[in-house]
Amino acid sequence: MALQGVGRTLARHRNLRPHSRRAATAVRAGRGKISGTSFEVDTKPILRDVTFSWPAGFRRIPDQPWVTSPLETLALKYDTVESHGWYANLEPTLEQLERELTDGDICIDYSGGTGILVDRLFKRVPDVDAGFVIVDASPKFLRLAVEKLRNDARVAFRWIRYKKEERCLEQLHEVLESPLDEAGVDLIVSTNAIHLYYGLADTLASWTRALKPDGLALVQSGNIRNPDAEEHEWIIDETVGAIHRVAQTLVRDDDAYAAYRPGLEDAPRMEKYDALRAKYFIPVRPLDYYTGALETAGLKIAKVEKRTIVAHVQEWYDFLAVYHEGVLGWVGGVERIEGEAATEAAVQDRLRLIRAAMDQLFERRETFDACWTYVTCRR
Ligand SMILES: C[S@@+](CC[C@H](N)C(=O)[O-])C[C@H]1O[C@@H](n2cnc3c(N)ncnc32)[C@H](O)[C@@H]1O
């Protein structure tokens, strides 16, 4: 991390700007003093000049086919979470980024997906004078990030490819390339993703290698079993197993779903759907699994925090509806298990059952509380 001085602290307040900083493009009115430091008071948001530039020779957008491929429906659907209340889970991370980023810093948004975090940061702090490399394992998600952010010179994009021969993902240094690989980055952030890393140790080791000494890693996820979670708080993906259990009862009790009863009583078949569900919604691991892995990778845990995130049942349903095969695939079946896809009528029953099970599970309330865990590490 670069230095953080008094001027920087003051500049965090959107209406105060020390004289020493670069010329703002929209500074208005007033002057004053706090503890001997003179400042200007603005009557409207400041948009100062953004001067960030990448190291010479660094390519922001790789010359790869995925960059110009058509936008995919799944990525577009995923991106709608941006408007969901439960995506307030990004706010504590955005606060941290706003506090920690210094002019000229380079931040990797690891598993940045469709670019929601960086997009939100730019809306919150339009003049943030830092560079962001959005790295992701999905070229489809990344393609949407390119669509949204390609015109902003502060953003670069990197796809980490699955290497079939070695059965692992590319590591950060393989995609960052020279000169960024040698120079290192100031900050790595990972939101809503660490629970998905099957090569966790290798991934975290690649973070340590990419970070400058004293660099920060900010990790958050709603799918970590946090011992400080309150009784009423859900681990968000664990709602899926609960929906599955309630749906089984609904199928057994409601004749409208009688067609799905024989399949439900077929234990070997149901085991296959349990395995499918666990592929979509990875079983939850405890907090110390992650803090231990971060430490083993050479990162020091500076802080662990827990927040309650309120999720709207309808919005969580809208999200789960995209992954309906993983939630209740056994209703009507899925092609990779049955050899043929579910009929449209069965898919509609499946969706209706998911919603009915959610109503029962959350006792017809409109919201439920979820537990999100935030881990701050320093190299
Ligand atoms: C739930 S999305 C979160 C995206 C974004 N960070 C956000 O908060 O909106 C998870 C992201 O992690 C990526 N991902 C999944 N497994 C990964 C892995 N092993 N390494 C890197 N990224 C991975 C996915 O492609 C996806 O973009």
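Analyst: In α9, the buried residues are T239, V240, I243, H244, A247 and V251. Because they cover an arc of only 140 degrees around the axis, they sit on the same side of α9; that arc is taken from the directions running from the helix axis to the C-beta atoms. Turn to the other side of α9 and you find R245, T249 and D253 exposed. Here, buried means that 20 or more other C-beta atoms lie within 10 Å of a residue's own, exposed means 12 or fewer, and partly exposed is in between, with C-beta atoms placed from the backbone.

A word on the source: this is a predicted model, where local features need pLDDT of at least 70, side-chain atom pairs count only at pLDDT 80 or more, and totals for chains, interfaces and linings use all residues. Numbering starts from 1 along each chain as its sequence is written. Helices are DSSP runs (H or I, at least four residues), numbered from the N terminus.

How long is α9? Its 16 residues should span 22 Å at 1.5 Å a residue, and the end C-alpha atoms are 23 Å apart, which agrees. The expected span is 1.5 Å times one less than the number of residues.

As for the cover, the buried residues of α9 have α10 (261-264), α11 (267-280), α13, α14 and α16 among what lies over them. Contact means C-beta atoms, placed from the backbone, within 7 Å. Look at α16 and α9 turns up again: the cover of its buried residues includes α9 (238-253), α13 (313-322) and α14 (324-328). Those buried residues of α16 are D349, R350, L353, I354, A357 and M358.

Technical notes. Helices (H or I, at least four residues) and strands (E, at least two) are DSSP runs, numbered from the N terminus. Two residues are in contact if their C-beta atoms, placed from the backbone, lie within 7 Å.
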